Amino acid sequence: TGCIGTFDVGPTQTESQSIELGDADTAQATIKMGVGELSINGGAANLMDGEFTYNIEQWKPEVSYEIRRGEGQLEVSQPEVTDINGIPNNDINYKWDLRFANDVPMTMAVDLGAGKSDLVLGDIYLTDLNINVGVGETNIDLTGDWRESANINVKGGVGSTTLKLPQNVGVRVNTNTGLGSVDVYGLIRNGDVYTNDLYGQSDVELEISVSGGVGAIRIESE
């Protein structure tokens with residue numbers, strides 16, 4: 001351990017960035033964070049309104065957007081940095097606060113590393129959702145006004161994951177526990193499959209696949 005060096009973190013910076021939908025009819029959002037705190041909500045005036053706080057200059061978030069065949073393709077990512085060696089001698093301050101439009105049909109993929117994440121997604125117009133949980137605490141809130149049926153995949157990691165489900169649409173959850181544990185509350189169990197009372201009767205239904213990693217996953221109905 002005596003050979004491991006340290007480096008100085010820089011001053012804390014906060015930047016805002018907004019992405020307009022443009023001529024696109026739908027959107028695809030890809031979120032990749034390696035280390036830090038992530039917050040995702042709806043209610044944006046644009047396709048995305050983001051606020052980024054960081055104190056390591058090399059980790060300045062990268063945001064790209066282009067339109068292909070009527071679909072807006074948005075990516076927000078933490079840079080992969082190879083020239084930082086050692087450990088910081090002060091606390092790392094790295095936070096993203098992302099808000100998305102409620103009225104744009106969207107697919108979303110979220111790839112998490114280490115840290116805490118609060119994802120409030122039920123009011124965003126999602127048609128497909130994939131979340132890879134990393135290390136730490138992850139809260140996923142799917143309650144809200146779902147406009148159409150969607151496929152949702154959640155892959156657990158190391159740490160704790162809480163998944164909150166709506167009761168105003170049909171819900172079916174297929175679980176694969178892996179080495180961790182999955183606790184389910186407020187749903188009807190049939191083997192590894194859980195449903196609510198509206199499943200099979202509602203025009204809008206969520207098909208959810210949850211696979212456990214090493215940590216604990218809690219699934220609860222609204």
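1. The largest cavity is lined by Met 33, Gly 36, Leu 112, Gly 113, Ala 114, Gly 115, Ser 117, Gly 134, Val 135 and Thr 138. Strands β3, β9 (106-120) and β11 (135-141) each give two or more residues to this lining, and β9 supplies the largest share, five residues. Here a cavity is a set of points on a 1 Å grid over the protein atoms alone where a 1.4 Å probe fits but cannot get out, and lining residues have an atom within 4 Å of a point. Strands are DSSP runs (E, at least two residues), numbered from the N terminus.

2. This is a predicted model, in which local features need pLDDT of at least 70 and side-chain atom pairs count only at pLDDT 80 or more, whereas totals for chains, interfaces and linings use all residues. Residues are numbered from 1 along each chain as its sequence is written, and side-chain values use heavy atoms, with hydrogens and water left out.

3. The volume of the largest cavity is about 50 Å³, taken as the space filled by probe spheres set on the grid points.

4. Thr 53 lies in strand β4 (residues 48-54). Thr 53 counts as buried because its relative accessibility is 13%, the cut-off being under 20% relative accessible area with a 1.4 Å probe and protein chains only. A polar contact (N or O atoms within 3.5 Å, one able to donate a hydrogen and the other to accept it) of 3.2 Å joins the side chains of Thr 53 and Thr 14.

5. Thr 53 and Asn 93, 40 residues apart in sequence, are 6.9 Å apart in space, C-alpha to C-alpha.

Methods. Helices (H or I, at least four residues) and strands (E, at least two) are DSSP runs, numbered from the N terminus. Buried means under 20% relative accessible area, exposed over 50%, partly exposed in between (1.4 Å probe, protein chains only). On a 1 Å grid over the protein atoms alone, a cavity is a set of points where a 1.4 Å probe fits but cannot get out, and a pocket is an open set with protein on both sides within 12 Å along at least five of seven lines; lining residues have an atom within 4 Å of a point.
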